[in-house]
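Please keep the sequence and the structure in view while reading.

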Amino acid sequence: MSNLPLLSPVVLRPGVVAPNRVWLAPLTNMQSHPDGTLSDDELAFLARRAEGGFGLIETCAAHVSQDGKAWPGELGVHDDAMLPGLRRLAARIKNAGAVASVQLFHGGLRATPSVSGLPTWSASAHEEPGTVTPRAGTEEDIARVIEDFASAARRCAEAGFDAVELHGAHGYLLSQFLSSVYNRREDRWGGPLENRARLIREVLRAVRAAAPGLALAVRLSPEDFGQAKGIDLDETIEVARWLAADGMEVLHLSLWRSALSTKKRPESHPTTLFREALGERVKIVVAGQIWTREEGEAQLAKGADAIALGRSAIANPEWPRIVHGLEQGELRTPPVTEDELRARALSEGFVRYMRNWKGFVA
């Protein structure tokens, strides 16, 4: 690695090379059209970060099935009608020199019937305040969603993307099956970890078969936090090992606060634990409140191959170029004004959404 480690290239798989190790995290932005097709606003936001020097650009969580749609303005990869927009997006990102990736997801019990127009289902009929209680998924539901993930990956390959990521974090469908809280099944999809991990493993294998040319990533929540209820650190490490054996090439750790050690083992940092478990073959990218070059390089020192920026990339679309002195400017930290956000290629809807993040918008 050079003396600018964050700017050195990283090979995700043969033929897929990120020009640097500073990536755009998948960010809910509420900017797609109501039918899930790409909007000019969403294209402008993602293209600005590609042109700002980010080495990999990942879309927001994009639903693979209509019944998995969780919020308005969510990008769709569930239908061939999405292909023209997806092609435009992949071409624009790649023309700027970045790797283009789509995050594939299904909301499960966190899908929204008023948005999707369809009932929700999950591992089990879990009741939770503020959500519609889903029905327990049938064998038919499970078989269909596996095929939906595979079809979505095939679409992404056809559109010209370089990579896809399975969203197995944050308490969405794949995470719900992994969870000892959300998954109360007593069949082959529930109970011991081997059964709870069956869905994400089957999805990964189906995606690998459907789109063999794409780099294949998985995002995981390492342990119980926020919506990722019932997730155990040691179980997640075991799941990561299984996924690596199944063909996962990139593990995306969603840490929320990447500076902190694990709750279960306060003497250990998650990046180090997963690096030790996976060896060198699988690339590890870490997200979680990374604002400075020093914070980013600290993750590389712990064993990460790349960092993924969320809020800091919203506030600083040229973050990689600024921190390495390739462009003049100072990094902005919140609160950021609405006018500054508009100048950074956020639409009115995205600016409104960012008001949900306490202290972000001035």
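The residues lining the second largest pocket divide into seven nonpolar, four polar and four charged, where Ala, Val, Leu, Ile, Met, Phe, Trp, Tyr, Cys and Pro count as nonpolar, Asp, Glu, Lys and Arg as charged, and the others, Gly among them, as polar. The model is predicted, so local features need pLDDT of at least 70 and side-chain atom pairs count only at pLDDT 80 or more, while totals for chains, interfaces and linings use all residues. Residues are numbered from 1 along each chain as its sequence is written, and side-chain values use heavy atoms, with hydrogens and water left out.

**Pockets and cavities**

Both kinds of space are found on a 1 Å grid over the protein atoms alone: a cavity is a set of points where a 1.4 Å probe fits but cannot get out, a pocket is an open set with protein on both sides within 12 Å along at least five of seven lines, and lining residues have an atom within 4 Å of a point. Grid points are joined across faces, edges and corners, and a volume is the space filled by probe spheres set on the points.

| Space | Volume | Lining by class |
|---|---|---|
| Largest pocket | about 850 Å³ | 24 nonpolar, 13 polar, four charged |
| Second largest pocket | about 290 Å³ | seven nonpolar, four polar, four charged |
| Largest cavity | about 90 Å³ | ten nonpolar, two polar, two charged |
| Second largest cavity | about 80 Å³ | five nonpolar, four polar, two charged |

The largest pocket is lined by 41 residues, and those closest to its centre are Pro26, Leu27, His170, Trp256 and Trp357. Among the elements that each supply at least two residues to the lining of this pocket are β12 (306-309), α11 (311-315) and α14 (348-354); helices (H or I, at least four residues) and strands (E, at least two) are DSSP runs, numbered from the N terminus. The second largest pocket has 15 lining residues, of which Glu223, Phe225, Leu255, Trp256 and Ser261 are the closest to its centre.

The count of cavities of 30 Å³ or more comes to three. Of the 14 residues lining the largest cavity, Trp23, Leu56, Ser101, Glu165 and Ala217 lie nearest its centre, and the elements giving two or more residues to this lining are β4 (56-63), β8 (163-168), β9 (215-220) and β10 (250-254). Which element gives the largest share of the lining of the second largest cavity? That share, three residues, comes from α8, while α5 (173-178) and α8 (233-246) each supply at least two residues.

The axes of helix α4 (residues 139-159) and helix α7 (residues 198-210) come within 8 Å and cross at roughly 35 degrees, where axes are lines fitted to C-alpha atoms, for helices over the stretch in contact, and angles run from 0 to 180 degrees between N-to-C directions. Contact here means heavy atoms within 4.5 Å, and the residues that make it include Ile142, Phe149 and Arg154 of α4 together with Leu199, Glu202 and Val207 of α7. By class, this contact of α4 with α7 has eleven nonpolar, no polar and two charged residues.
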